[in-house]
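Open the model in your viewer and keep the sequence panel beside it. The tour goes from one selection to the next and says what is found at each stop.

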Amino acid sequence: MLAKLMSLFLLGLVRLLTGAQARWQGCPPMAEQRIYFANHQSHADLIMIWAALPQELRSITRPIAARDYWTTTPLRQWITTAVFNAVYVARERKADEDPLQPLAEALERGDSLILFPEGTRGNADLPQPFKAGLYNLAMRFPHVVLVPAWIANIQRVMPKGEVVPVPILCSVTFGAPLRLEPGEERRQFLDRAREAVIALRDL
Amino acid sequence: MNQALRSLSPTQQVAALFIFVFGILVVVSTAAFLLTFRQRSTAHGDLPSDELKDFRALLGTSWFMVAVFWLAWAAGNAVATFLFALLSFFALREFITLSPTRRADHRGLVLAFFVVLPIQYWLVGTGHFDLFTVFIPVYVFLAIPVISALGGDTQRFLERNAKLQWGITVCVYGMSHVPALLLLSFPDYEGKGAFMVFFLVIVVQSCMLLQHVLTRRLKRPPSHPEISASFNWTTWALGMVLGSIVGGLLSFITPFRAWQAILMAFVACAAGSMGHLVMKALKRDRGIAAWGNRGAAVTGANGLLDRVDALCFAAPIFFHSARWYFAI
């Protein structure tokens, strides 16, 4: 109940501040199993892409949250689990565990994922090189559709280090799905995925 | 008829006005609906022509705007002021989105949206008209560059400040004069502020609408192709004449005599249409066709500013002319 209210409140807030406009350019919104991968410039990216998805998809799509940031306070933890139903990943790699394990479990259960393959927030115009997670997941789950997305303007709403967001219109552009070609190299695929995200910027 | 209307209380008179306007909308919408049948039977299922589509969109906007005005009036002055504050907020959001800002502008933007805008509308709502007219041109004008300077980024300093101040002046200061008109009490005209707002909106909109229609019909070459692909001095003059005539015809709902109403309408139309042209120049500078930006990348906005910019320019001039005329 409280989580429901919180999600309505956040949805209202994001729409008031940013418009939370979704532009489906390359594929329609559909309830198939998908991995959405996008550029990452602000903590608000996660809320933004979540708000841009239609209601029906929001419940089956789980964002990925960095464990070291989103579990430090009880409020952050509650929001990411109860409202966003997020999957936590560790950014610091430990020797004996596979960082992709929680994501693989979520995909095995049939959930869709929202992924930021840069791994960390950038503040340059273009996204940083993608990390290998996207490639590994594409290898292990070939039936999952990979959808690139470009989040525009969100870094102007709340730059790093500021606490009060300002109202500026943002949009999320979803592009045509990508496939891992048979025998495609890891670096080659990741660069192609990054190009696909960047290409949506000027659409 | 006239006598009967005059004997009503101000509230009843305004209510009668709304019934009249809604009546016109119902008639026009019914006619447009019936027209679709006729077109279908003659053109064998062809898509409706562009003109009819345009007209329907315009009709939809009119319904929406009249409904908002009615709600605002029926719910009382506080709600009316709040609704216009919301319009200001969305218009400024569109304006800022398409004016590039830097990281150091963040505090200034927070000030504009969450301090200046609420205070300005609070001043309107509580009837502090003397402070309301100088708050943004004097106090905010000086506060914004101070906040900016404290941000410590000197790159394009003047340009960035000018953009923010300009956005605030048009979207907040200009728009806030519409509810101010609603609340300002003229001598012997208490409770009829809604008529003044109605007068202003109808006069400016009919001027803009006629210009739009004539541009399509007459297909004259644009007078200033570098600014607008449609603006032409002849159609502009015709729009001004129509706006003024409409103003003269509506003089019975205003405190003005007929010639005064014509003059006031002329002033409002001139400010509105020229303001619209100025906004077009701004849009050209940003390389976009509309603030709503249909189909292009930057935003998914709905182009609110395209619809209200004429009003934002006309309202302050109309308001201050009326104040000056009544010496209040």
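Is Ala20(A) buried or exposed? Select Ala20(A) to begin; this is a predicted model, and in it Ala20(A) is buried, because 23 other C-beta atoms lie within 10 Å and 20 or more are enough for that label. Ala20(A) sits in the loop between helix 1 and strand 1 (21-24) of chain A. Its phi is near 45°, a positive value in a residue other than glycine. Most residues other than glycine have a negative phi.

Next, select Asn85(A), in the loop between helix 5 and strand 4 (87-89) of chain A. Here too phi is positive in a residue other than glycine, with a value near 55°. Asn85(A) is partly exposed, because 17 other C-beta atoms lie within 10 Å.

**Two helices of chain A**

Now select helix 1 (residues 2-18) and helix 5 (residues 74-83) of chain A, which pack with their axes 10 Å apart at an angle of about 95°. That angle is why helix 1 of chain A counts as roughly perpendicular to helix 5 of chain A. To see the contact, show Ala3(A), Met6(A), Ser7(A) and Leu10(A) in helix 1 of chain A; they meet Ile79(A), Ala82(A) and Val83(A) in helix 5 of chain A. By class, the residues of this contact are 6 nonpolar, 1 polar and no charged.

Move to helix 2 (residues 44-52) of chain A. How many of its 9 residues are buried? The number is 8, so this helix is mostly covered. Among the buried residues are Asp45(A), Trp50(A) and Ala52(A). Met48(A) and Ile49(A) are buried as well, and both return at the core below.

**Where the chains meet**

Show both chains. In the contact between them, 17 residues of chain A touch 16 residues of chain B. The side belonging to chain A has 8 nonpolar, 4 polar and 5 charged residues.

**Chain B**

Colour chain B by secondary structure: there are 11 helices and 0 strands. Of its 328 residues, 36% count as buried. Among contacts in chain B with a separation of 6 or more, 71% join residues 24 or more positions apart.

Then colour chain B by domain: domain 1 covers 1-68, domain 2 covers 76-183 and domain 3 covers 192-328. Where domain 1 of chain B touches domain 3 of chain B, the contact takes 4 residues from domain 1 and 5 residues from domain 3. On the domain 1 side, the largest share, 3 residues, comes from helix 2 (residues 10-43) of chain B. That side has 3 nonpolar, 1 polar and no charged residues.

**The largest nonpolar core**

Domain 2 and domain 3 of chain B each supply at least three residues.

Centre the view on Val204(B). Leaving out residues up to four places away in sequence, Val204(B) touches Gly243(B), Ala268(B), Cys269(B), Gly272(B), Ala310(B), Leu311(B) and Ala314(B).

**Last stop**

Finish at Val241(B), in helix 9 (residues 233-249) of chain B. Val241(B) is partly exposed, because 14 other C-beta atoms lie within 10 Å.

Terms used:
Residues are numbered from 1 along each chain as its sequence is written. Chains are lettered from A and ligands numbered from 1 in the order in which they are written. This is a predicted model: local features need pLDDT of at least 70, side-chain atom pairs count only at pLDDT 80 or more; totals for chains, interfaces and linings use all residues. A nonpolar core is a set of buried Ala, Val, Leu, Ile, Met, Phe, Trp, Tyr and Cys residues joined through C-beta atoms within 7 Å. A residue is buried if 20 or more other C-beta atoms lie within 10 Å of its own, exposed if 12 or fewer, and partly exposed in between; C-beta atoms are placed from the backbone. Domain bounds come from an automatic or database domain assignment. Two residues are in contact if their C-beta atoms, placed from the backbone, lie within 7 Å. Ala, Val, Leu, Ile, Met, Phe, Trp, Tyr, Cys and Pro count as nonpolar, Asp, Glu, Lys and Arg as charged, and the others, Gly among them, as polar. Helices (H or I, at least four residues) and strands (E, at least two) are DSSP runs, numbered from the N terminus. Axes are lines fitted to C-alpha atoms, for helices over the stretch in contact, and angles run from 0 to 180 degrees between N-to-C directions. Angles under 35 degrees count as roughly parallel, over 145 as roughly antiparallel, 65 to 115 as roughly perpendicular and the rest as oblique.
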